[in-house]
Amino acid sequence: MKRLNSTSKERALKGKGLKVLSLFFIDRVANYRIYNPDGTTSLGKIGRWFEEAYLELTTKPIYKGLIPFTVSEVHNGYFSQDKEGRAKDTRGNTADDEDTYNLIMRDKERLLDPKVALRFIFSHSALREGWDNPNVFQICTLSETQSVEKKRQEIGRGLRLPVNEAGERVHDETVNRLTVIANESYEDFARTLQTEFENDFGLKFGKVEKIAFAEIVRQASDGTDTPIGQDTSQQIWAELVRAGYLSADGDILDKFDSKNPHFELQIGESYADLSGEIIDEINRKVFKNRIVNARERRELKFRKEVQLSEEFQTLWDKIKQRTRYRVNFKTDELIERALARIAKIEPIKAPRIATTVVELDISDAGVSADRQIATRVRDMEPVKVLPDILAFLQKETELTRHTLAEVLKRSGRLAEFKINPQAFMAAVSRELSRALHDLMLDGIKYEKVAGLHWEQSRLEQDAEGGIVRYLTNLYEVKNRDKSLFDAIEYESEVEKQFARDLDNNENIKLFVKLPGWFKIDTPIGSYNPDWAFVTEREERLYFVRETKSTLNDDERRKKENQKIACGREHFKALGVDYDVVTSLAEVAI
């Protein structure tokens, strides 16, 4: 039996109000449930294997108490029955299947309730189109089928956006992942499925569209982060084509080799500051495999001896302390900053209604509406009842009404509030928040919180749960005594090269890629630093470093710089050497 991925998924989604369901498609009912001559039932080999695997996994500390039900309660089979009430093998499209489908349809909403034990569903047929439960995150095919239609039906059971306990669809891409544990016959199917999507629906995989870079953010002259837009994106795309990185159809050519440590994107000065974001966007389109092969991944091995070493224990003692921040600023300074920002807001205009009258022309060729008879544009009348602007701004910024009233009176722009209340409040709120954030970050100080620190045991818990990663972005550590895990997951080529340098440098005694839960609180969200490591030459030194593709603040996003500034203050309070680097050569080791 494969690892029960659903249990890991259940742990990952804990607290998000999402129930995790898994589907198993089997070739014979008897492999899951046996009907004995005396009228009793017992588990077939697949049922026994499931319970053995489930019990083995849930005894691990990381999963204990995660699902508060017995193993017999969490799984069941939905099969058609004969006249004696015994389940039987069916094709999934006969009248005998109707009871099965009706039962699933009737209990569909109950299955989404976390208080209902059932999480693992075994079925003989593909459950066809009648069943549409959105919270299927895993599908395991334990039957050999060559039917393309049946394969599509099986996969289709997991291609719905999940629903949380409030009945709302969840659009989080980190949640919406379907895992298919497939048999060998799925390989050919997987290779052709994406091609069919391209042909049938006009989708383009592995191609860089002309507007692919439109959402890249660049800092404007007023300090705001603004997407570069479609026109600039098309100009960048054209340069990439001329430089030989893309074909005229948007295919990625061999010249674009971002895996090469010496690769540099040659692009005009106008876009040089965006080269990192451009590379990342193209990398997302690199068409290595049509569908990621789950077999090309492995579980990272935890090295307990490294954790118990003196180097690691001392390093962890230095960085484990949690902190809290406090901000000191003068209200007058906040008001002045806010007024300066509000003064730069574009004039607020009244909402406009555009009406166009056209003449329809119906002929043998079809229906057209090319001829415009009249066009009218008019401003909407000013609203008669104005909303409570102070209450709105107070909710958005948490500033006092007195401070907000002072800003509004001195702004000289209150007349625009009557013209378009919603637009005015949104613009003022945005600039107030930005002024507040800037001021907070300028005056932020961190202090240790007594008795609060990151627990070292969480590293062991992660390892016990099994950290599984794809091979495509793993660096295999050569020196076993240097790293907690035998491989490092990297998110960029800069990180990959940094891991390689840490591994190969004889002065580095130990290094750690800090886990995702190692987060520092900041006014603009949590911050997870990259690396912690120990060096030794004349003396033993301890470092925390953030790796970026550039040291130029102007070439990084504003929020990146703000979080780095907070990280710097946090580690300053701990007395730990912290900085931003692009390579290990910039560290004095």
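Two worked exercises on a predicted model follow.

**Exercise 1.** Determine how helix 11 and helix 13 pack, and which residues make the contact.

Solution. 
1. Helix 11 covers residues 331–342 and helix 13 covers residues 401–411; their axes are 10 Å apart, at an angle of about 40°.
2. Helix 11 and helix 13 cross in a right-handed sense.
3. Helix 11 contributes Thr-331, Ile-335, Glu-336, Ala-338, Leu-339 and Ile-342 to the contact, while helix 13 contributes Thr-403, Glu-406, Val-407, Arg-410 and Ser-411.
4. Sorted by class, the residues of this contact are five nonpolar, three polar and three charged.

**Exercise 2.** Classify the aromatic pair of Phe-24 and Phe-50, then that of Tyr-54 and Phe-120.

Solution. 
1. The model has 20 aromatic pairs.
2. In the pair of Phe-24 and Phe-50, the ring centres are 6.0 Å apart and the planes stand at 80°, so the pair is edge-to-face.
3. Phe-24 belongs to strand 1 (residues 21–26) and Phe-50 to helix 2 (residues 45–58); 26 residues separate them.
4. Buried means under 20% relative accessible area. Phe-24, at 6%, is therefore buried, and so is Phe-50, at 0%.
5. Tyr-54 and Phe-120 also pair edge-to-face, with 5.9 Å centre to centre and 80° between the planes.
6. Because Tyr-54 lies in helix 2 and Phe-120 in strand 7 (residues 120–123), their pair ties together parts 66 residues apart in sequence. Both residues, Tyr-54 and Phe-120, are buried.
7. Ring pairs join Phe-24, Tyr-32, Phe-50, Tyr-54, Phe-120 and Phe-122 into a cluster.

Technical notes:
Residues numbered from 1 in each chain as written. Predicted model: local features only at pLDDT ≥ 70, side-chain atom pairs only at ≥ 80, totals over all residues. Heavy atoms only, no water. Axes fitted to C-alpha atoms, helices over the stretch in contact; angles between N-to-C directions. Helix = DSSP H or I, 4+ residues; strand = E, 2+ residues; numbered from the N terminus. Left-handed = near helix turned anticlockwise from the far one by under 90°. Contact = heavy atoms within 4.5 Å. Nonpolar A, V, L, I, M, F, W, Y, C, P; charged D, E, K, R; others polar. Phe/Tyr/Trp six-rings, centres within 6.5 Å; stacked < 30°, edge-to-face > 60°. Buried < 20%, exposed > 50% of the residue type's maximum accessible area, 1.4 Å probe, protein only.
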